[in-house]
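Subject: Structure for you to look at

Hello,

I am passing on a structure for you to go through. Please open it first and keep it beside the notes below.

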Amino acid sequence: PEIADNEYDKLFKQLQLAEIEHPEWVTPDSPTQRVGSDLNSAFATVNHLVPMLSLDNSYNAADLLAWSKRAGDLAGDENLQYCVEPKFDGASISLIYENDQLLRSATRGDGLQGDDITLNSKRIRNLPLKAPFSTYGIAQIELRGEVLINKKAFEKLNEQYLEKGLPPLANPRNAAAGSLRIKDSTEVGRRNLEAFVYHVSYMQPSDAAGEKAIPQSHSEMLQMLWDCGFRSPVQELKLFGRIEDVVAWCNHFETVRDDLPYEIDGLVIKVNDLALQDQIGSTTHHPRWAIAYKFKARQAISVVRQVDFQVGRTGAVTPVAKLDPVPIGGVTVSSISIHNQDYISEKDLRIGDTVIIERAGDVIPQIVRVLPEKRNGTELKIDFPTHCPVCDSALYKEQDEAVWRCVNAECKAQVIEKIIHFVSKDAMDIRHLGEQQVRRFHELQLLADIPGIYTLNWDAVSQLEGYKQKSVENLRAAVDDSKRQPLHRLIYALGIRHVGETMAKTLARSVHHLLELRQKTLDDLMQLNDVGPKVAQSIVSFFAQIQNIEMLETLEKIGLNMKHDDTETNEQGIFSGKTFLFTGTLSTFKRSEAEAMVEAAGGSLLSGVSSKLNYLVAGEEAGSKLEKAGKIPSIRILTEKEFLNLMQYDKSD
């Protein structure tokens, strides 16, 4: 997009009003006379049976009330019934079914014709290739829908991009639209696309009458689509007899939009009676019997005022753009991560640039596009530093990474981030000592490093605002309790690069005492499940640094547990010697609970798919790990139910 959606809609509305006042200004190529084109020369172009129109937009109650009055006047009936459903924020598609078979699928294109994406559409798992329209006496039918990537699938897709050193995708809508245009339809199948079908634009009756009656209302039509196997919005739609109730529902739904598993940017209000829809009619641009109520903009335009470089706990230097504060989706955005040097170069981003930014649900705000046409010559190139902005040590970048790092382990910025990670819930779980408290104690020189957590000056803490006697007692107790955490939590808390929770458990099981890891060679470590060259090198490098060893010796003297409790490993369990990996969403229990069940039964967990994996348990929306495991014959793939059944087998099975 060249400008934000909200800005475009405002300009479009101004143009509409101008053309109403001055009809002589209307030209055939006016945006009010046609739908914008997204045709792609790489695909064949096909005609729609019925033009795909856009929807008129509204942003407030007054717009909805005015639309309702116009629709009532055209229908000759003020007592209309309204159907309200989500306005999906994805890529529009048109589907033609003939004799119950999917014949063709196309993008919106210019409204009259679109790109033929039939092969790619067949890779969308919830889109029926065959649907029983003949039972309704329908020989041919054209449907309208929206292709989406749900929030979880989008996050996984961006994780894959970041792992490859690529800039993340800006939003699920662009990701869905781009996926439909991938030439390799097999790759499309890996994107976990979903299709929602919400409208019937054309029906041709068959020679023989159907067993079921053709619906006479929009809500009944959505139910027909649902019954035929489509994901139509029957679960989300609401019917109202008063436009005032529609307005109230729109206001309410905007507050809960983020609870949905997919992105929406508004609600669509339609006259429910299909006969009245025909009577009300359409313009060349939009149907008069429907209107979109748009939520507050998720996109906005701002200006990059400066770029700061922040240092994380692993030394990664991340550039952060500081912007003119702008409200998006209920929050004010004033800074955005711009990831790395490659990202800056790819977008040709400069200080002083006007940019389009977007926030979708809980996704971190992203710069969608730079607007070079807004430049006036005062913009400045962003120079990536050669030295750490905190400690001035020279930065280093590995050949296969896009990230520059500060390799000084005593860098102040890294120290703070390491303490924050050390006390976090999944690490040492020191409650009442969160990020804000760590930064406050460090600023007040009460906390300088990780061992300092256990030697806090409690008299000084008790003098701080907000720390009464009970608060200090709670914090002190949490600090003392953390000394008894199992070894794998301590290993994870150390923040060793590439060592997550699962890897920390593998390392803990391989030793009796933590400092035994000093003696492990690369070859020794790579004999452990799930440890590859990169992970092994990271572990060796950590234990080769004298300051890390001194820190661990200090922590042991303070009283932290450094030993692996052999009773944690059930060598006689039914899964003894077996490795597991869970992927996708489990419905019976949380993934952490399932992993605990495996470990209690003597099994171990891996963090990735490899020949060392025995079982992959696949829940809903399982992605690339499931596909990769399917290519390794030795891996047994289980459903959640099969995993539960396996829990009942004896060891000899």
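Predicted model: local features only at pLDDT ≥ 70, side-chain atom pairs only at ≥ 80, totals over all residues.

Strand E7

Start with strand E7, which spans residues 138-149. Twelve of its twelve residues are buried, so the strand is mostly covered. E7 pairs with strand E4 (residues 91-98) in the antiparallel sense, over eight bridges. Within this pairing, Ile-93 stands opposite Gly-145 in E7. E7 also pairs with strand E8 (residues 193-205), again in the antiparallel sense, and here there are eleven bridges. Ile-141 stands opposite Met-203 in E8.

Is Arg-144 buried or exposed? Its relative accessibility is 5%, and since buried means under 20%, Arg-144 counts as buried. The side chain of Arg-144 makes a polar contact with the side chain of Ser-94, at 2.9 Å. Leaving aside residues up to four places away in sequence, Arg-144 touches a list of residues that includes His-48, Val-50, Pro-51 and Met-52. Ile-93 and Ser-94 are also touched by Arg-144, as are Phe-196, Val-197, Tyr-198, His-199 and Ser-201.

The five-stranded sheet

Next is an open sheet of five strands, in the order E14-E13-E12-E16-E17, with antiparallel pairing. Which strands stand at the edges? They are E14 (331-337) and E17 (366-370). Each has a single partner strand, so one side of each is left without a neighbour in the sheet. From one strand to the next, the twist averages 45 degrees.

Inside this sheet, strand E12 (residues 299-311) and strand E13 (residues 317-328) run antiparallel and are joined by seven bridges. As an example, Gln-306 has Lys-322 in E13 as its bridge partner. When you follow the side chains, remember that in a regular strand they alternate between the two faces of the sheet.

Helices H18 and H19

The last item is helix H18 (residues 533-544) with helix H19 (residues 546-558). Their axes come within 5 Å and cross at roughly 75 degrees. Angles of 65 to 115 degrees count as roughly perpendicular, which is why H18 is described as roughly perpendicular to H19. On the H18 side, the contact involves Phe-542, Phe-543 and Ala-544; these meet Ile-546, Asn-548, Ile-549 and Leu-552 in H19. By class, this contact of H18 with H19 has six nonpolar residues, one polar residue and no charged residues.

Regards

Terms used: Residues numbered from 1 in each chain as written. Heavy atoms only, no water. Axes fitted to C-alpha atoms, helices over the stretch in contact; angles between N-to-C directions. Helix = DSSP H or I, 4+ residues; strand = E, 2+ residues; numbered from the N terminus. Parallel < 35°, antiparallel > 145°, perpendicular 65-115°, else oblique. Contact = heavy atoms within 4.5 Å. Nonpolar A, V, L, I, M, F, W, Y, C, P; charged D, E, K, R; others polar. Pairing = 2+ DSSP bridges. Buried < 20%, exposed > 50% of the residue type's maximum accessible area, 1.4 Å probe, protein only. Polar contact = N/O pair within 3.5 Å; in protein donor to acceptor, adjacent residues only side chain to side chain.
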